Amino acid sequence: MSRPTFQLYNTMTRAVEPLTPLDPAGRRVSLYVCGPTIYDYAHIGNFRTYVAVDLLRRALRHFGYQVDHVMQFTDVDDKTIRGAREKNMPLKEFTAIYRQAFLEDAKTLAIEIPERTPNATDHIPAMVALIQKLIDGKSAYVSDDGSIYFRIASFPRYGCLCHLDLANLISGARVNQDEYEKEGVGDFVLWKKWVAADGDVGWDSPWGRGRPGWHIECSALSMEHLGPQIDVHGGGTDLRFPHHENEIAQSEAATGRTFVGHWFHIEHLLVDGQKMSKSLGNMYTVREVLARGYTGRELRYALLSGANYAKNLNFTWQGMDDAKTALARIDEWRKRIKAAQTEASDPGRETGLVQKLANDIDLALADNLNIADLLGEIFQWIRETNKALDSGILSVADAKAFNILWGQVDSILGLGDATATVPVEVQALLDQRAAARHARDFARSDELRKAIETLGWKVKDTAKGQELLPG
């Protein structure tokens, strides 16, 4: 049976469409994703986006594509400069803290790190060159305040992604901030002239000392790493305007080519039905979720399973408990299937059940990453195989085939294997911790817990004793 055509919702056309890579062979997919602005710890709303992108990346690979994935870190903008100034730290040292924290949290959530993760400040010359090209083409100009702005009147397609009505646009209106609302649309800043508030942050340019605006960063980095056109551009839905709208304008004005073939946007994460807000106290980091006794694996499952990426996801603590329960069901089933490979009474032959499930999983993935159908098929599979195990009629051949198929499925879901063999060094620490707890040496017990966590595992104390889980 031939595999289904992989289809994905395209924000530009507002339709689910087949992916059509620029690669003549149709196998290489260039993927650019706007990375975090590294001025603070990323929250779970941010990571909802990156878990969804990780699912897309893994699904593309499952369908035979070679993914060339770039994600930048924004390490210079209004927020990073303000944060560094408040901490009285050099910008590079300040942002390095949060870059490392993001990578650690991504590892906790089993997010695959893209092939390239450049910092914006490592590509200032490319940004200067792109801005100069826009000036030469009359799409940008030096303003009376010494900054460089993109002239949106020079780009008739401006607003195409968000379907903006520019009929009431005030000619010559300019926006110097990195972020603003649709009502404030105007010529946007490409290069900001240095001001005293920037401190020691600035670079020399043909227009004097200054720094790039936020929007030019992604155009310059994507062109430098992936070329003038990319297959898929992803990010949170909040980036559609102004960031992605501005990326389209400046990129296409510079190259004369369509910038992106497929726009992939992930909708908002709500908490208990409300928008995340510091004032409401519902803006959680990955570390704060783990501090409540959950694992990164459970959080990943909750962010994957709560809703399709194109719909809002409502995060709740009950949902986290449901994720824990769902993973426990999967883990128990995995133990039974592993045992059945040697214990099944019927060596038998492989039935068509495994192939049918593989086909159904492909259909769900190909249908705009339909995670609800995918998980539905998996739990139906678990129910049916558990019945066969209970009845003693599951053949060794089927048990082995199911085990192999689960490995393929988990290469997409990235949930890991809680039944995996515990490394010797981890088991040794676990045994020492059990002895410390028996001796009521809780300080030593905590030290050993931290040592176990540094090796990528998490230990929980239960009524039955210590429980070890992948971190």
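1. A quick term before we look around: two strands pair if DSSP finds at least two bridges between them. Helices (H or I, at least four residues) and strands (E, at least two) are DSSP runs, numbered from the N terminus. With that in hand, Arg28 has Gln66 in β4 as its bridge partner.

2. Some ground rules. This is a predicted model, where local features need pLDDT of at least 70 and side-chain atom pairs count only at pLDDT 80 or more, while totals for chains, interfaces and linings use all residues. Residues are numbered from 1 along each chain as its sequence is written, and side-chain values use heavy atoms, with hydrogens and water left out.

3. Now the sheet. Its 4 strands are arranged β4-β3-β10-β11, and the sheet is open with parallel pairing. At the edges sit β4 (66-71) and β11 (260-266), each pairing on one side only. On average, neighbouring strands here are turned by 20° against each other, direction ignored (axes are lines fitted to C-alpha atoms, for helices over the stretch in contact, and angles run from 0 to 180 degrees between N-to-C directions).

4. Go through the pairs one at a time. Strand β3 (residues 28-33) runs parallel to β4, with 6 bridges between them. β3 and β10 are also parallel, over 3 bridges, and there Leu31 faces Val232 of β10.

5. How many bridges join β10 to β11? There are 6, and these two strands run parallel. Look for Gly234 opposite Phe264 in β11. To get from β10 to β11 the chain passes through helix α6 (residues 240-255), a right-handed β-α-β crossover; right-handed means that, with the strands pointing away from the viewer, the path from the first strand over the helix to the second runs clockwise.

6. Is β10 mostly covered or mostly open? Mostly covered: 7 of its 7 residues are buried (under 20% relative accessible area, with exposed over 50% and partly exposed in between, using a 1.4 Å probe and protein chains only).

7. Helix α1 deserves a look too. Of its 19 residues, 16 are buried. The 19 residues should span 27 Å at 1.5 Å a residue, and the end C-alpha atoms are 26 Å apart, which agrees; the expected span is 1.5 Å times one less than the number of residues. Just past α1, Gly64 takes a positive phi of about 95°.
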